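Thank you all for making the time this morning.

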Amino acid sequence: MVFIRYVKILVSNDDGYRSEGIRRLRAALTGLAEVTVVAPDRNRSGASNSLTLDVPLRVFESEPDVYYVLGTPTDCVHLAISGLFNFEYDMVVSGVNDGPNLGDDVLYSGTVAAAVEGRFLGLPTIAVSLCTQTDAGRHFETGAEVARTLVQQLLASPLEGALILNVNVPDVPFASLRGFRSTRLGFRHRSERVVPARDPRGRQVYWIGPAGPQQDAGPGTDFDAVAQGFVSVTPLQIDLTRHNALNVVANWLEGLNG
Ligand code: MN
């Protein structure tokens with residue numbers, strides 16, 4: 001007798017549980033797996049890998065298998081895989097984000113953070129972002145279909161050595177995509193300056209400015225793949241150690257050790 005256990009996928013995002021991207025993603029993955037949504041109650045884009053430690057977290061069920069949390073994307077995934085449920089998930093799929101997460105964006109991204117938080121589960125985790133730029137396009141169904149395709153591929157053909165996949169999808173109909181490319185992260189220029197403004201009571205406030213333009217967007221980068229109409233798939237790692245600077249720093253510290 002063959003024992004078939006359904007794959008359990010946790011879906012989260014940083015745009016909030018009501019966003020079009022996460023609704024499309026949930027619909028696309030249903031049928032491939034048992035899908036549960038645990039996502040922030042509101043837009044928490046830019047939340048990065050932040051945990052709420054000073055207040056308790058509250059979880060609400062909006063409909064069967066859809067939960068929202070007054071917290072960050074990382075809070076949501078952490079809760080979901082560390083005690084909210086009495087079973088284990090196999091993977092986390094995050095998105096479909098409204099906007100790209102290319103190059104340095106991944107440092108700030110709540111979409112990527114949600115996927116990163118699921119890195120110890122059985123299957124590689126996936127963060128999917130749709131490269132929306134204007135109000136035109138907004139092909140979230142394309143992002144969701146890309147996610148479904150990649151999950152299907154992971155189930156059919158296990159991917160050793162890759163824990164986190166950062167996926168960026170051109171904002172075009174699925175049939176117009178030119179294919180999939182494995183990429184490295186590019187780099188952006190320094191971000192734009194903050195934007196000063198006044199609140200309605202005349203007090204000074206500041207808006208964080210937009211991300212900088214692309215600096216390293218050459219062949220092989222995520223920027224380049226998306227610009228050419230390909231789905232960009234970047235394997236990420238958590239180890240931020242700059243290994244080739246270890247000796248430099250060791251020598252630099254030598255004088256301090258007497
Ligand atoms: Mn977002």
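Let me begin with a single residue: just after α1, G31 takes a positive phi of about 110°. Before I go on, please keep in mind that this is a predicted model, in which local features need pLDDT of at least 70 and side-chain atom pairs count only at pLDDT 80 or more, while totals for chains, interfaces and linings use all residues. Residues are numbered from 1 along each chain as its sequence is written, and side-chain values use heavy atoms, with hydrogens and water left out. When I say helix or strand, I mean DSSP runs numbered from the N terminus, with helices being H or I of at least four residues and strands being E of at least two.

Staying with α1, the residues G21, I22, L25, A28 and L29 are buried, where buried means under 20% relative accessible area, exposed means over 50%, and partly exposed is in between, for a 1.4 Å probe and protein chains only. The buried residues of the helix pack against β1, β2, β5 and α5, and contact here means heavy atoms within 4.5 Å.

That brings us to the sheet. Nine strands form an open sheet with mixed pairing, in the order β3-β4-β2-β1-β5-β6-β7-β13-β8, and two strands count as paired if DSSP finds at least two bridges between them. At the edges stand β3 and β8 (180–182), each with a single partner strand, so one side of each is left without a neighbour in the sheet. From one strand to the next the twist averages 25°, where axes are lines fitted to C-alpha atoms, for helices over the stretch in contact, and angles run from 0 to 180 degrees between N-to-C directions.

Two helices deserve a look against this sheet. Helix α2 (residues 73–81) packs on it, touching β1, β2, β3, β4 and β5, and its direction makes about 160° with that of β1. Helix α5 (residues 140–156) lies across β1, β5, β6, β7, β8 and β13, running at about 160° to β5.

As for the pairings themselves, β2 and β4 run parallel and are joined by four bridges, with V66 in β4 as the bridge partner of V37. Four bridges also join β3 to β4, but these two run antiparallel, and they form a hairpin with two residues between them, in whose turn D65 has a positive phi of about 70°. Further along, five bridges join β7 (residues 164–169) to β13 (residues 231–236), again antiparallel, and I164 has L236 as its bridge partner in β13.

Finally, the metal. The manganese ion is coordinated by D14 (OD), D15 (OD), S45 (OG) and N97 (OD1), at 2.1 to 2.3 Å, where donors are N, O and S atoms within 2.8 Å of the metal (3.2 Å for Na, K and Ca), and since water is not among the atoms, sites may look incomplete. S45 lies in the loop between β2 (34–40) and β3 (59–63) and N97 in strand β5 (residues 91–98), so the pair ties together parts that are 52 residues apart in sequence. At 43% relative accessibility S45 counts as partly exposed, whereas N97, at 6%, counts as buried.

T111 is buried, with a relative accessible area of 1%.
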